[in-house]
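This report describes the fold of one protein chain, from its overall form to individual residues. The sequence and the structure are shown first.

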Amino acid sequence: MKQSLMRPEFIELAPPVLESGVLYISQKYRTSLHKCCCGCGETVVLQLTPAHWQVEVHGSKVSLHPSVGNWGMRCQSHYWIKNSKVVWAKQMSPSQIAAVRERDKHDQAIYLARVNASKSQNSGYLNMLWDLLKKLGRRLMG
Ligand SMILES: [Zn+2]
């Protein structure tokens, strides 16, 4: 059965059985789980990072950005969750799907590049500190 409403539920670990109509949110693992809203029974796992999905919970209402496109699944369903309502998107053509997937990949690549850049900045700082200590050590020794 198609879901028309979703409610949020905060979890730490995935429950053994997922209830349909519930968007499970694990802040610890930055992951969200739910049964596909089309009723196919598949579990949809979404990563909650700036490059993937963001959830907003207001009381018992939940919104998810961007839309959920289950193109890797047989049902190929595509919907938004806005204020706990499931809003169905029009069926997209294979070329539209390819374009969206390409854009997602691009966004994720940018995000990863940013994360890596901040990591290398940190190691640059450590290298600088290390050089400073070596110079200092040499001066003390000399
Ligand atoms: Zn489905």
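## Basis of the description

The model is predicted: local features need pLDDT of at least 70, side-chain atom pairs count only at pLDDT 80 or more, and totals for chains, interfaces and linings use all residues. Residues are numbered from 1 along each chain as its sequence is written.

## Overall form

The chain has eight strands and one helix, where helices (H or I, at least four residues) and strands (E, at least two) are DSSP runs numbered from the N terminus. In sequence order the pattern is β-β-β-β-β-β-β-β-α. The radius of gyration, taken over C-alpha atoms, is 22 Å, well over the 14 Å that the globule rule gives for 142 residues, so the chain is more spread out than a compact globule. The globule rule is 2.2 Å times the number of residues to the power 0.38.

Along the principal axes, the C-alpha atoms fill a box of roughly 80 × 35 × 25 Å. Of the 142 residues, 14% count as buried; a residue is buried if 20 or more other C-beta atoms lie within 10 Å of its own, exposed if 12 or fewer, and partly exposed in between, with C-beta atoms placed from the backbone. Two residues are in contact if their C-beta atoms, placed from the backbone, lie within 7 Å. Among contacts between residues at least 6 apart in sequence, 36% join residues at least 24 apart.

Four strands form an open sheet in the order E1-E2-E3-E4, with mixed pairing; two strands pair if DSSP finds at least two bridges between them. Strand E1 (7-10) and strand E4 (43-47) each have a single partner strand, so one side of each is left without a neighbour in the sheet. Neighbouring strands here are turned by 25° against each other on average, direction ignored; the axes are lines fitted to C-alpha atoms, and angles run from 0 to 180 degrees between N-to-C directions.

Strand E3 (residues 31-35) pairs with E4 in the antiparallel sense over five bridges. Within this part of the sheet, Thr31 has Gln47 of E4 as its bridge partner.

Another open sheet of four strands has the order E5-E6-E7-E8 and antiparallel pairing. At its edges are strand E5 (54-58) and E8, each of which pairs on one side only.

E6 and E7 pair in the antiparallel sense over three bridges. Pro66 is found in strand E6, and a cis peptide bond with an omega of about -15° joins His65 to Pro66.

## Nonpolar core

A nonpolar core is a set of buried Ala, Val, Leu, Ile, Met, Phe, Trp, Tyr and Cys residues joined through C-beta atoms within 7 Å. The largest has 13 residues, of which Leu23, Val62 and Ile81 touch the most other members. Strand E2 (22-26), strand E6 (61-69) and strand E7 (78-82) each give two or more residues to this core. Leaving aside neighbours within four places in sequence, the contacts of Val62 include Met6, Leu23, Val57, Ile81 and Ser84.

## Residues with positive phi

Ser84, in the loop between E7 and strand E8 (85-88), is not a glycine, yet has a positive phi of about 75°. Ser84 counts as buried because it has 20 C-beta neighbours inside 10 Å.

Gln76 lies in the loop between E6 and E7 and has a positive phi of about 55°, although it is not a glycine. With 15 C-beta neighbours inside 10 Å, Gln76 counts as partly exposed.
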